[in-house]
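Trainee: Could you walk me through this model? I'd like to start with what the words mean.

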Amino acid sequence: MDRVIVLISGRGSNLRSLITAAKNYKIVEVISNNTNAPGLQIADTAGIETTAFERNDAPSLIAHKKAIYQKVKEISPDLIVLAGFMQILEKDFVEQFVGKIVNIHPSLLPQFRGLDTHRRALDLYCQSNGTQSRHGCTVHYVHNEVDTGPIIAQSALKIQPGDTEVTLAQRVLSQEHQLFPWVVNEIADENICYTNAKVKIFDKTRRRGASQGFNVHG
Ligand code: GRF
């Protein structure tokens with residue numbers, strides 16, 4: 001059973017789906033960089049240990065980050081799952097855990113790295129008169145630059161006339177809730193792994209993902 005840490009900053013809806021769908025992994029700790037993150041309550045209710053680091057208790061942002069990294073190192077998990085963790089990771093931390101950190105991003109990477117992905121997808125949809133309508137979410141291994149690293153799997157949808165940022169965000173989020181636990185279970189079952197800075201996936205895993213509507217890379 002893989003020991004997983006989930007890092008959050010806010011609402012925690014992906015955390016909830018990871019808790020509900022855990023088959024091959026156990027979430028041993030939820031860590032937040034925000035003491036007011038509602039996701040902490042979700043973890044508490046599920047009986048999972050939580051640690052939240054108050055930014056104002058740390059003398060600097062880097063000290064705040066280091067406290068979080070220290071906690072992760074003490075737990076020494078098999079996998080670190082970023083589920084809406086809104087703090088840029090430091091290079092040395094990423095290097096130390098490379099291949100053991102996965103992130104979910106609400107766009108079809110490499111399109112729309114960074115913030116406001118739904119607004120940018122809608123802008124492109126409008127500018128292209130509806131021809132550029134693909135959008136969705138991505139789970140990837142984390143490399144040093146923000147929202148980069150080998151893509152593991154994506155779930156796509158089509159923007160519809162009348163979609164707003166709100167409706168699009170809702171539809172993408174419900175895809176995230178399916179995709180993310182699926183990937184984490186497959187990693188924990190060793191059907192997906194990180195080798196030589198690439199994703200390695202068995203064909204049968206790819207087919208299983210495809211049957212659920214996921215585009216599995218690697
Ligand atoms: C999700 O849209 C995720 O893709 C992004 O941040 C959001 C987190 O939402 N990285 P939640 O906290 O899991 O509800």
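Predicted model: local features only at pLDDT ≥ 70, side-chain atom pairs only at ≥ 80, totals over all residues.

Trainee: Which side chain is joined to that of Asn 33 by a polar contact of 2.8 Å?

Mentor: Begin with the neighbourhood, where a contact is heavy atoms within 4.5 Å. Leaving out neighbours within four places in sequence, Asn 33 is in contact with Ile 8, Ser 9, Phe 53, His 64, Ile 68, Phe 85, Met 86 and Gln 87. A polar contact is a pair of N or O atoms within 3.5 Å; within protein one must be able to donate a hydrogen and the other to accept it, and residues adjacent in sequence count only if both atoms are side-chain atoms. For Asn 33, the side chain at the other end of the 2.8 Å polar contact belongs to Ser 9.

Trainee: Which backbone nitrogen does the side chain of Ser 9 reach at 2.7 Å?

Mentor: Ser 9 lies in the loop between E1 and H1, and it counts as buried because its relative accessible area is 10%. Beyond four places in sequence, it touches Ser 32, Asn 33, Asn 34, Ala 37, Gly 84, Phe 85 and Met 86. Besides its 2.8 Å side-chain polar contact with Asn 33, Ser 9 reaches at 2.7 Å the backbone nitrogen of Met 86.

Trainee: How far apart in space are Asn 33 and Arg 55, C-alpha to C-alpha?

Mentor: Along the sequence, Asn 33 and Arg 55 are 22 residues apart. In space, C-alpha to C-alpha, the separation between the two is 7.0 Å.

Trainee: Moving on to the ligand, how many Å is one of its oxygen atoms from an N or O atom in the side chain of Ser 13?

Mentor: The residues around the ligand (a heavy atom within 4 Å of it) are Arg 11, Gly 12, Ser 13, Asn 14, Gly 84, Ile 104, Pro 106 and Glu 176. A polar backbone atom of Gly 12 is 2.8 Å from a ligand oxygen, and a side-chain N or O atom of Glu 176 is 2.7 Å from a ligand oxygen. For the side chain of Ser 13, the distance is 2.5 Å.

Trainee: Which residues are buried in helix H1?

Mentor: H1 covers residues 13-20. Its buried residues pack against strands E1, E2, E4 and E5 and helices H2 and H6. The buried ones are Ser 13, Asn 14, Leu 15, Ser 17 and Leu 18.

Trainee: What joins the side chains of His 135 and His 118?

Mentor: His 135 belongs to strand E6, and it counts as buried because its relative accessibility is 0%. Its contacts outside four places in sequence include Pro 106, Ser 107, His 118 and Ser 155. Between His 135 and Ser 155 there are 20 residues in sequence and 8.5 Å in space, C-alpha to C-alpha. The side chains of His 135 and His 118 are joined by a polar contact of 3.0 Å.

Trainee: What is the relative accessible area of Ser 107?

Mentor: Ser 107 is in the loop between E5 and H5. With residues up to four places away set aside, it touches Phe 112, Thr 117, His 135, Gly 136, Cys 137 and Thr 138. Ser 107 is buried, and the relative accessible area is 0%.

Trainee: Which peptide bond is cis?

Mentor: Most peptide bonds are trans. Here there is a cis one with omega near 10°, and its proline is in the loop between E5 and H5. The bond runs from Leu 109 to Pro 110.

Trainee: And what is phi of Glu 190 near?

Mentor: Most residues other than glycine have a negative phi. Ser 76, in the loop between H3 and E4, has a positive phi near 50° and is partly exposed at 46% relative accessible area. Glu 190 is in the loop between H6 and E8 and is exposed at 61%. Its phi is also positive, near 65°.

Definitions and conventions: Residues numbered from 1 in each chain as written. Heavy atoms only, no water. Buried < 20%, exposed > 50% of the residue type's maximum accessible area, 1.4 Å probe, protein only. Helix = DSSP H or I, 4+ residues; strand = E, 2+ residues; numbered from the N terminus.
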